[in-house]
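Let's take a walk through this model together, one element at a time. Keep the viewer open and follow along as the elements come up.

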Amino acid sequence: MSNKQLDVLFIHPNASKKIYQDLSKDFSAIEPPIWAALLANHVRHAGYEVKILDCEAERLGPAESASRLNDFNARLNVLVVYGQQPSASTQNMEGVSDLLNELRDKFDGNKVLLVGLHPSAVSRQALKAVKTDFVCQGEGPYTITKLLEINMGDKEALADVPGLWYWDDDKVKANKPAPIVPQKELATQLPGMAWDLLPMDKYRTSNWHAMSNGGIQTPFASLYTSLGCPFQCSFCCINAPFGNNNVENWDYQRNKFRFWDTDFIIEEFESIHKMGIKNIKIADEMFVLNKNHFMTVCEKIIERGYDFNIWAYARIDTVKEEYLATLKSAGVNWLALGIESGNTAVRKDVVKGKFTEVNIRDLVKKIQDAGINVIGNYIFGLPEDNLETMEETLQLAIDLNCEFANFYCTMAYPGSKLYLDALQHDWELPDNYVGYSQHSYECKPLPTKHLPAKEVLRFRDTAFNRYYDRPEYFEMVTEKFGTATADNIKKMLTHKLKRKLLET
């Protein structure tokens, strides 16, 4: 480490054991902190000295994380509160809280800023709940660089920092949100990932993604080719940093969807290729959306002859048969589809859409016939769900028999319209951050209009085993991926999640 004081340290906290229980040992992914790496490159290109501390990848507990943070002696420490899926920010506040408790107890004096989805959605709450100096509402680039330009101890100077929430004695102050980065400036303001600052040898993909790569999970990289989402599903919180979805100044229509130029993006893939990485997650909330964008990205990958194992997100109503051959040739071996519910009325209630123009079974078969595997994403406990409609969703999943399926309980994540509804109607929310984790002991989903939260969680956990522990499923994965993959799934099923809510 040089004698020059570091300007900013970006920290990805670690609470993986609490969030995933025993699944954190072998099954849950360890993903590069994309937003931390993008912000780091923004700050570096502005002329500042920057480092990244990935506590999750390095498996650091709160005490060691605090000690390492203090050793860097940065002028500003930015805790980036994102996660492995769009809704994971709030659960990662558990790691933030644990780290800051240690830091303030042993090494008080370090300046700390929270940035990310949860801090952007509930900025006042975040500032009051954990021992931080500042909270950022919004994406973060302009807030961070402005903080670095000023004396952070000067309250008058703090008033000029866009998107900043901070303490003025015992009062909470909030500045006007910073503008989002315009699409035409993405390549200069967010110029790719700071790959060299990340411990790339420590990342691993999910066990299911590795099925199409001979079970090899490491190395692994993930990246964005676009930001935000133009859709407005009421259960989703992804747009909180990209629009104006703060609980105190909500404008749900303001969300912005932007994408990097494809010539710029292909150089990011070139960097991944040069690192010898095959497993890639395209983390865009909706990669298969803008045809001119994603098809051009795929064509450029094909032109360069990369041998990638890619997975990406799509919607049932954005995937077209004519896209599939190009996606597959580019190495897109998995598409994660937001099927959510098997009941039209339940889907419509959460602004997901009826998919009346799409035959879900037919589309899934066409995707699979093109050689692309499907991850079906399903949600139990949406507001209009009851036991019959949830069973309808499970039966749809079983009928589709996708190569992998994720089963979620409905959560009112901060930043989602559902969170506002929960506050308005006084619905019972989790007691702590880790209660928002789908896999934690403390997991506490929303009740529906017809069922208590306990029954939703019970159905979800039972449905998981009903889906995977079937001869039809094991026959399919054995035929496609071999006996080792089937054995890995059986091993996964031996990990029974412990649930506080279900203890009677």
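In this predicted model, start with two helices: α15, covering residues 360–369, and α16, covering residues 387–400. Their axes come within 10 Å and cross at roughly 35°, and the crossing of α15 past α16 is right-handed. Which residues make the contact? From α15 they are Ile360, Arg361, Val364 and Gln368, and from α16 they are Leu396, Asp399 and Leu400. If you colour this contact by residue type, you will find four nonpolar residues, one polar and two charged.

Next, turn to the open sheet. Six strands build it, in the order β8-β13-β14-β15-β16-β17, and their pairing is parallel. Which strands sit at the edges? They are β8 (220–223) and β17 (404–409), each of which pairs on one side only. Going from one strand to the next, the twist averages 20°.

Let's zoom in on one end of that order. Strand β16, residues 373–380, runs parallel to β17, and six bridges join the two. To find your bearings, pick Ile379: its bridge partner in β17 is Tyr408. Helix α18, made of residues 453–468, packs on the sheet here and touches both β16 and β17. The direction of α18 makes about 170° with that of β17.

Strand β6 (residues 164–168) and strand β7 (residues 171–174) run antiparallel, with four bridges joining them. Among the paired residues is Trp165, whose bridge partner in β7 is Ala174.

Is Asn77 buried or exposed? Asn77 counts as buried because its relative accessible area is 0%, while the cut-off for buried is under 20%. Leaving aside residues up to four places away in sequence, Asn77 touches Leu9, Ile11, Leu69, Asn110, Lys111, Val112 and Leu113. Select those neighbours together with Asn77 and you will have the surroundings of this buried side chain on screen.

How values were computed
Residues are numbered from 1 along each chain as its sequence is written. This is a predicted model: local features need pLDDT of at least 70, side-chain atom pairs count only at pLDDT 80 or more; totals for chains, interfaces and linings use all residues. Side-chain values use heavy atoms; hydrogens and water are left out. Two strands pair if DSSP finds at least two bridges between them. Axes are lines fitted to C-alpha atoms, for helices over the stretch in contact, and angles run from 0 to 180 degrees between N-to-C directions. A crossing is left-handed if the near helix is turned anticlockwise from the far one by less than a right angle, and right-handed if clockwise. Contact means heavy atoms within 4.5 Å. Ala, Val, Leu, Ile, Met, Phe, Trp, Tyr, Cys and Pro count as nonpolar, Asp, Glu, Lys and Arg as charged, and the others, Gly among them, as polar. Buried means under 20% relative accessible area, exposed over 50%, partly exposed in between (1.4 Å probe, protein chains only).
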